[in-house]
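Visitor: Please take me through one part of this model closely: the boundary where two pieces meet. Then place it in its surroundings, with the cut-offs for each term.

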Amino acid sequence: MSRWIVAVGAALVVGVAAGAGHTAQPSSARARVDAMLEAGQLVDAEATARAGGAGLRTALGDVLVLRGRLAAADSAYRAAVASGGPEERGARVGLAELMARRGDRAGAARMAGALIAESARGTAGWSARDQVALGRAYLLVASGDANAVRSALRAFDAATAQEPTLVDAALRASDLFLEKFVAPEAKKGYESVLAVQRGNARATLGLARVMEFLNDGDAIGRAREALKANPSLVAAELFIARLHLEAERGDSAQAAARRALAVDPSAMDAWATLGAVAWLAGDSASWDRARAEAHRLSTSPASFYVTLADAAARQRRYAAAEAFSAQALALDSLSVAALGALGTNRLRAGEIAAGRAQIERAFAIDPFNLWHKNTLDLLDVLDGFRTVDQGRFRFVAPAREADVLLPYLAPLLEEAYADLARRYDYRPAAPIRFEIYDRHADFSVRTVGLTGLGALGVSFGRVLAIDAPSARPPGSFNWGSTSWHELAHTFTLGLSGNRVPRWFSEGVSVLEERRARPGWGAQPTPEYLAALKAKFMRPVSTLNEGFVRPRRPDEVVLSYYHASLVCEWIESEFGAPALPAMLRGWRDGLTTEAVVQRVLRIDLPALDARFDTWVQARFRDRTVSEAPEGDAALEPLLQEVAARERAGDDAGLVAALERLVWVWPYDAGVHVKLAEAAARTGDFARALRERRVVLALGPSDPLGARVELARAMLGAGDRAGARREVLAVLEQAPTFERAQTLLLELRRSAPPEDSR
Amino acid sequence: MRRALSLAAIALAAGLVLAAPLGAQRTHLLVVTGLGGEPRFSEAFARQGAALHTLARTQWRVADSSVVWLAEDPARDPRRIRGRATREAIGAAFLSLSRRVAAGDVLVVILIGHGSGEGPGSRVNVPGADPTAADYAAWLSGFARQTVVFVNAASASGDFVDVLRAPNRVVLTATRTAFERNESIFGEHFVRGLSGAEADADKDGRTTVLEAFAYAVREVARVYEQDQRMLTEHAALSDSTLAARTVFAAAAASDDPRVVALVAERRVLEDSVAALRARKASMPAAAYEDALERLLVAIAEKSEAIRAAGVKP
């Protein structure tokens with residue numbers, strides 16, 4: 001099924017005319033108000049607008065909206081409409097927007113529709129501000145109507161063409177482009193505004209948002225520049241608050257949200273940020289207040305709950321995220337964000353059909369949404385995957401990957417499950433869904449909704465996903481240790497009620513990788529030892545920062561290993577039960593400090609000090625001049641295979657080839673070699689597994705491979721299977737000598753009752 | 001003797017033609033390895049040329065005088081390379097072979113190198129002036145009574161198919177059109193297909209041109225897939241029916257009447273398998289499997305007996 005994302009339209013003119021500059025003096029009282037607004041002088045702007053009488057009532061309404069005095073703004077707009085002044089259309093759309101903010105979607109649509117209907121009778125004589133008002137009106141009715149979005153852009157464009165110095169039109173067009181994922185056009189628009197109005201705060205903020213969208217540069221720094229130009233730019237504070245919240249900097253997010261509310265107490269997103277911070281911290285009083293404010297501001301504050309859902313999901317609290325999304329949707333059944341959040345969280349829970357239904361609804365309403373489009377395309381890909389229920393796991397993978405990987409992966413994961421369940425005294429409910437992607441882009445979309453994610457695996461709890469080895473170049477990663485790592489998250493997330501901090505969950509996973517097989521998991525690198533020596537590594541109490549706020553690009557990788565050492569040390573110092581006990585502490589809602597106190601009987605400073613002493617001592621005399629080979633290095637494994645072959649060491653050869661398969665399982669020659677070596681050691685079950693995999697790989701000589709499979713079946717005691725297989729081969733190639741030999745062998749060695 | 005006669009009668013009744021004695025069909029090979037341009041290509045082309053030479057001499061049992069290999073640099077392998085792969089030398093080789101071939105023989109021409117041009121002007125780059133597809137068409141006109149297998153394993157070779165297409169002639173090219181100009185890997189896989197048993201899809205011990213072609217196509221696709229590259233070469237074939245009938249290795253045969261009889265009996269059994277397969281859908285699975293096994297065991301026993309008589313079945 002092909003699905004096209006709707007394009008916003010041809011590249012529209014969003015620039016402003018050269019020559020129009022901020023140095024030009026405002027030619028009217030309205031322009032003076034605009035200049036004050038741009039500088040963040042809201043009090044002065046309000047005074048000027050009030051002094052301007054009837055002609056500036058719409059401007060007054062705009063100022064009052066920015067100050068969060070919505071009732072007063074409503075009155076000002078109504079007065080402007082009643083007086084029929086020059087900005088009457090702007091006042092009407094202002095009223096419609098206020099209705100929408102209060103949750104009166106129908107009223108807003110009615111009022112916006114009237115303006116649109118009026119435009120249909122002709123816009124001759126309409127001012128540029130009227131065109132901007134028309135564009136805003138279209139946006140109020142754009143839900144499920146792609147043409148309305150295009151019409152809005154046309155209106156903004158017409159406004160810019162008519163009055164190039166009215167940058168509001170170009171800025172709104174650029175914002176719309178960015179909202180619809182067309183970052184390059186948005187960027188061009190913001191830059192063209194800045195080219196003629198240097199330092200324009202909204203354009204600067206727009207560029208910050210583009211930077212964040214493209215993950216390219218210091219978005220917060222750029223947003224702060226916008227605030228320097230306009231200290232009252234609430235949108236900039238809210239943007240900063242959101243980024244802080246995403247980076248788990250609750251205090252900073254809270255501070256930015258409070259600064260936003262100081263300017264505009266009606267800023268829903270600010271209350272949502274405060275609510276999210278309070279919820280994550282378990283601060284019920286602040287949570288109640290934020291929620292009450294949200295419901296006071298709107299009868300259907302869906303966006304408040306969507307923000308909560310996003311915050312919960314970022315903290316891996318997926319069940320809560322799903323519940324918040326559902327609440328949002330209950331408040332506003334047409335909210336694209338709520339539908340998307342609910343759909344995404346259901347997909348994370350493995351509820352594929354339900355998740356798909358929500359995302360499809362979201363995409364029907366907003367066909368510009370790239371995340372939703374990508375996700376639906378991915379679900380189409382998943383439709384072609386094979387589902388295999390085996391033991392405690394439900395594998396979902398392309399057919400070939402299933403045939404090649406599951407003979408190894410299924411037993412490995414069963415072993416991992418049994419081992420982890422025993423030591424953590426916890427048994428996650430079956431089935432655990434394990435998705436395998438042979439295209440990294442698909443895995444990336446499954447994980448974050450967009451392509452470009454660097455990770456190899458992800459755990460949503462009882463839903464795991466990894467790149468198949470074929471999704472990366474040979475030798476890129478060890479898919480066995482990666483799978484073990486992700487399954488360990490299932491235990492740490494489940495046992496802690498998804499409250500385990502990231503550092504601890506990653507630390508346990510890396511530690512468990514090392515325990516799973518010799519050579520698996522992270523090892524000390526020269527970079528790690530240098531960082532340790534330079535005291536760069538963070539203490540345990542702030543180790544989470546290394547994951548969510550790395551000071552340099554490699555800090556995350558260093559933190560993985562460091563965290564695993566913390567877990568290893570805790571086990572060695574306090575006993576193996578300490579790790580599951582800590583997970584239960586988080587499950588009980590304790591803070592990390594309280595968990596440490598309860599389980600380890602020390603405080604955080606003591607924990608920091610004791611671990612630091614231990615880790616420094618452990619590596620004091622350790623020098624590593626070269627990076628360790630890691631568990632995915634092909635060359636040393638190939639050398640070992642060759643050496644074992646030369647030495648005629650079949651047992652060693654089998655072991656080396658098994659390790660090789662965990663790095664690159666697609667070389668039929670390796671599997672043939674492994675089958676032969678296994679058969680020589682009498683391990684016919686392994687030989688049989690290998691022959692099956694050879695066949696799954698689509699060998700150059702399929703009939704020859706099937707004869708070897710039949711022979712392996714016979715070796716493993718499956719005479720009936722061997723007969724069936726060899727007959728199937730000879731049915732196609734009756735004179736195939738090797739198959740004939742095996743058939744005669746089968747006949748002549750058959751027990752009397754089997755002879756026909 | 002009576003038994004042999006009766007089996008021959010069975011064979012005739014089944015419409016079979018018994019295998020002709022060894023030596024009835026002769027194969028002649030002309031290999032042209034063109035300019036490499038880079039050492040890695042020169043080495044690869046020479047490797048394929050040498051493999052074909054060895055194959056012809058050892059497996060196809062082609063007489064030394066009927067194996068002609070012309071190459072970019074004869075000094076690389078003076079024992080086997082007959083001369084420099086110039087336009088003149090290639091034309092002379094065709095002329096020389098035309099005097100040696102008999103009606104019913106198989107002439108195999110294999111070009112390995114880099115291709116260019118379009119239509120009748122398509123070419124494989126050799127030292128000096130490049131012979132074109134039109135030149136090859138003219139040279140081949142003297143082989144109307146032979147089966148000709150013409151393989152252009154070079155890039156941009158696709159247009160050779162239309163230029164050289166003729167009755168009793170199979171034309172294989174590494175690419176579908178003249179515009180697939182990237183380096184081609186078809187040749188090495190085609191040669192490998194001819195050399196080993198892997199390409200022998202029906203495992204009858206003889207690799208047909210069609211089987212080698214199908215093998216090469218499959219392996220080329222596999223390499224591109226493994227390298228995560230878009231497939232930029234799509235091989236083409238002019239006559240799959242003739243390709244399915246054509247083999248280069250002479251069929252082993254025996255004058256021993258016991259062996260002739262065994263071979264005939266086995267052919268009858270093989271036909272019975274084919275007939276049984278046709279009834280498969282209408283039979284209970286177990287009955288089908290039992291009947292199939294009986295026939296296959298009988299065929300295997302015939303093969304065993306043929307081998308015991310010192311003949312490769």
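Guide: Start with the boundary inside chain A. Domain 1 and domain 2 of chain A bury about 1,500 Å² between them, and 71% of that lies on carbon and sulfur atoms. Buried area is the accessible area (1.4 Å probe) lost by two parts on being put together, summed over both. The model is predicted: local features need pLDDT of at least 70, side-chain atom pairs count only at pLDDT 80 or more, totals for chains, interfaces and linings use all residues, and side-chain values use heavy atoms, without hydrogens or water. Residues are numbered from 1 along each chain as its sequence is written, while chains are lettered from A and ligands numbered from 1 in the order written.

The bounds are 386–619 for domain 1 of chain A and 634–754 for domain 2 of chain A. They come from an automatic or database domain assignment. The C-alpha centres of these two domains lie 36 Å apart. In contact (heavy atoms within 4.5 Å) are 21 residues of domain 1 of chain A and 14 residues of domain 2 of chain A.

Next, the polar side. A salt bridge needs a side-chain nitrogen of Lys or Arg within 4 Å of a carboxyl oxygen of Asp or Glu. Polar contact joins 6 residue pairs here, both residues at pLDDT 80 or more. That term means N or O atoms within 3.5 Å; within protein, one must be able to donate a hydrogen and the other to accept it, and residues adjacent in sequence count only through side-chain atoms on both sides. On the side of domain 1 of chain A that touches domain 2 of chain A, α22 (399–424) and α24 (479–495) of chain A each supply at least two residues. α22(A) gives the most, with 9 residues. Helices (H or I, at least four residues) and strands (E, at least two) are DSSP runs numbered from the N terminus.

Now the sheet in chain A. It is open, with 5 strands in the order β1-β2-β3-β5-β4 and mixed pairing. β1 (386–390) and β4 (457–459) of chain A are at the edges with a single partner strand each, so one side of each has no neighbour in the sheet. Neighbouring strands are turned by 15° against each other on average, direction ignored. Axes are lines fitted to C-alpha atoms, for helices over the stretch in contact, and angles run from 0 to 180 degrees between N-to-C directions. Strands pair if DSSP finds at least two bridges between them. β1(A) and β2 (residues 393–397) of chain A are antiparallel, with 5 bridges. A:T387 faces A:V396 in β2(A).

For the wider setting, turn to the boundary with chain B. Chain B and chain A bury about 2,500 Å², with 49% from carbon and sulfur atoms. B:K203, B:E293 and B:L296 supply 25% of the area that chain B buries against chain A, more than any other three residues. Here 30 residues of chain B are in contact with 29 of chain A. The rule finds 8 salt bridges across this interface. B:E293 forms a salt bridge with A:R747, the closest N and O atoms being 3.8 Å apart. Polar contact links 14 residue pairs between chain B and chain A, both residues at pLDDT 80 or more. Elements giving two or more residues to this side of chain B are α7 (209–226), α9 (257–278) and α10 (285–308) of chain B. α10(B) provides the largest share, 13 residues.
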